[in-house]
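Please read the points below with the structure open beside you, taking one point at a time. They are written for someone who is new to looking at protein models.

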Amino acid sequence: MIYQYWNKEMETLERSALEAYQLTQLKAAVAQALQTPFYRERLAAVGIRSDADIKDLEDVRRIPFTTKGDLRTGFPYGFLSIPREEVVRLHASSGTTGTPTTIYFSKEDIHRWTAFVARSIYATGCNKTDVFQNMITYGLFTGGLGFHFGGEAVGMLVIPSGSGNTTRQFKLMQDFGTTVVHATPSFLLHVQAKMQEEGVRREQLKLTRAFAGAEPYSEDTRRRIEELLRIDVYNSYGLSEMNGPGVAFECQAKNGLHLWEDGYLGEIVNPETLEPVPDGETGELVLTCLCREATPILRYRTRDLSGFYTEPCPCGRTHRRLRRITGRTDDMLIINGVNLFPGQIEEVIMAIKEVGNNYLILVEKEGVLDRLTVKIEVGSEVFRDDTRPLNALKERIRKTLQASITINPRVELHQQGSLPVSEGKARRVLDQRPTV
Ligand code: DLL
């Protein structure tokens, strides 16, 4: 395999030089943060009054963590560290769980972010001969414009199709010979199911690759999309607080996501003790933005669970790789006292070949007990007059799930296309238990 690099020098920089660069950037980020009242107070409390108080990379651990709650208290302009007139764009989180959080960008911030997205796209083997259909929400969400700018920087022809409207997406793919798409994995699965339904043949499309991210998905889901659509799927990770997409991305080796460490300083901590975990172990990812002046964010608790691979990547990049993010610390469900991550269910069911492309997890209260129901789409061939195969499949899924999650779920099988589909991030869990 011939690997291509957008910025070979930086992507393959020796670790010691990379860490020296990180230190310079960390000092700059701290200096910038000290421009905001929030960080001035937070940092003063631990004796950091100037960037000179940061002497080596280990000093990052002296900095207090920043949480989503902190960012909310600063809404709208509390974290802005440059004059308002220097700000050229804002992005915001959806705010479905409370006050939205806003990130501001200067011109230079947009350039730097764009370069990280371009680097990510290029690492998957794309170039200016590609036609790129960006099937993700544009607007305040970072996924649309982030990939749009990155795609243009690579020189690809970018089709800003946005999410939804599947029939129109097929038309665009056929008319313009789309080779690369970007979407959430759940939308890609929906696209594939619709393709079948509408009789669009794979041969009519020129697709080779997809970038899939913005929500967790399992390795089996990746494999499923790759097999059904006959494309390569690259995992793409990012979050609004760290600009958006382009934080960590898979290269052509497809074995973990390179965290672009010249832009983002990553730590893995135990979510309870907040102490670093031993090398390679799983914990909560904490990120410091090293590439933005308008909204400095230090040691942000992402809530995402991951860990670093310890062995080097065959592509030659020196930036460490994160393992697939399978869930968030705040995703965890407690069902009759047993801890369960929705990702564990996806891992089991997506490995069963009869299972279709969509599912929903329902949690209810039945008397004093919690009741877990997994609603799963399956192909129409299973729904026949003779219900024995359907019941047998249902029982097989139930048993496989129970063996893995140790909770006995109720399993419901539904016709392909009948469960709700989200155009943005999938909502996989419906927790209808009364809040106490
Ligand atoms: O989802 C940014 C993005 C856009 C990433 C397009 C990739 C592609 P937020 O809306 O702030 O930003 O959501 C960030 O989504 O903390 C994770 O919990 C989750 N997430 C994002 N990418 C992945 C992924 C964008 N590849 C939150 N795997 C993050 C698992 C992901 N979870």
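**Notes on the model**

1. A polar side chain and a backbone atom. In this predicted model, the backbone nitrogen of Asn235 lies 2.9 Å from a polar atom belonging to the side chain of Glu250. Glu250 itself is placed in strand β8, which covers residues 244-250, and the side chain of Glu250 also makes a polar contact of 2.9 Å with the side chain of Arg222.

2. The surroundings of Glu250. With a relative accessible area of 3%, Glu250 counts as buried, because buried means under 20%. Leaving aside residues up to four places away in sequence, Glu250 touches Thr124, Arg222, Val233, Tyr234, Asn235, Asn255, Gly256 and Leu257.

3. Cysteines without partners. A search of the whole structure finds zero disulfides. Cys126 is in no disulfide, and the nearest cysteine sulfur, which belongs to Cys251, is 13 Å away; Cys126 is also buried, with a relative accessible area of 0%. For Cys291, the nearest cysteine sulfur is that of Cys289, at 4.0 Å, and Cys291 is likewise in no disulfide, because a disulfide requires the two sulfur atoms to be within 2.5 Å. Cys291 is buried, with a relative accessible area of 3%.

4. Helices α5 and α6. Two packed helices are described by the angle between their axes and by the distance between those axes. Helix α5 (residues 107-123) packs against helix α6 (residues 142-154) at an angle of about 75°, and their axes are 8 Å apart. This makes α5 roughly perpendicular to α6, because angles of 65 to 115 degrees are counted that way. On the α5 side the contact is made by Ile110, Trp113, Thr114, Val117, Ala118, Ile121 and Tyr122, while α6 contributes Thr142, Gly146, Phe147, Phe149, Gly150, Gly151, Ala153 and Val154. Sorted by class, the contact of α5 with α6 has ten nonpolar, five polar and no charged residues.

5. Helices α7 and α8. Here helix α7 (residues 166-176) and helix α8 (residues 185-197) pack at an angle of about 80°, with their axes 10 Å apart, and α7 and α8 are therefore roughly perpendicular to each other. Thr166, Gln169, Phe170 and Met173 of α7 meet Phe187, His190, Val191, Lys194 and Met195 of α8 in this contact. By class, the contact of α7 with α8 has five nonpolar, three polar and one charged residues.

6. Backbone geometry to check. Most residues other than glycine have a negative phi, and most peptide bonds are trans, so departures from either pattern deserve a look. The peptide bond from Phe75 to Pro76 is cis, with omega near 5°, and Pro76 is found in the loop between α4 (68-73) and β1 (87-92).

7. Positive phi values. Leu274, in the loop between β10 (264-269) and β11 (283-289), has a phi near 65°, which is a positive value in a residue other than glycine; at 25% relative accessibility, Leu274 counts as partly exposed. Asn336 is not a glycine either, yet Asn336 has a positive phi of about 45°. The place of Asn336 is in the loop between β14 (333-335) and β15 (338-340), and with a relative accessible area of 41% Asn336 is partly exposed.

Conventions: Residues are numbered from 1 along each chain as its sequence is written. This is a predicted model: local features need pLDDT of at least 70, side-chain atom pairs count only at pLDDT 80 or more; totals for chains, interfaces and linings use all residues. Side-chain values use heavy atoms; hydrogens and water are left out. Helices (H or I, at least four residues) and strands (E, at least two) are DSSP runs, numbered from the N terminus. Buried means under 20% relative accessible area, exposed over 50%, partly exposed in between (1.4 Å probe, protein chains only). A polar contact is a pair of N or O atoms within 3.5 Å; within protein, one must be able to donate a hydrogen and the other to accept it, and residues adjacent in sequence count only if both atoms are side-chain atoms. Contact means heavy atoms within 4.5 Å. Axes are lines fitted to C-alpha atoms, for helices over the stretch in contact, and angles run from 0 to 180 degrees between N-to-C directions. Angles under 35 degrees count as roughly parallel, over 145 as roughly antiparallel, 65 to 115 as roughly perpendicular and the rest as oblique. Ala, Val, Leu, Ile, Met, Phe, Trp, Tyr, Cys and Pro count as nonpolar, Asp, Glu, Lys and Arg as charged, and the others, Gly among them, as polar.
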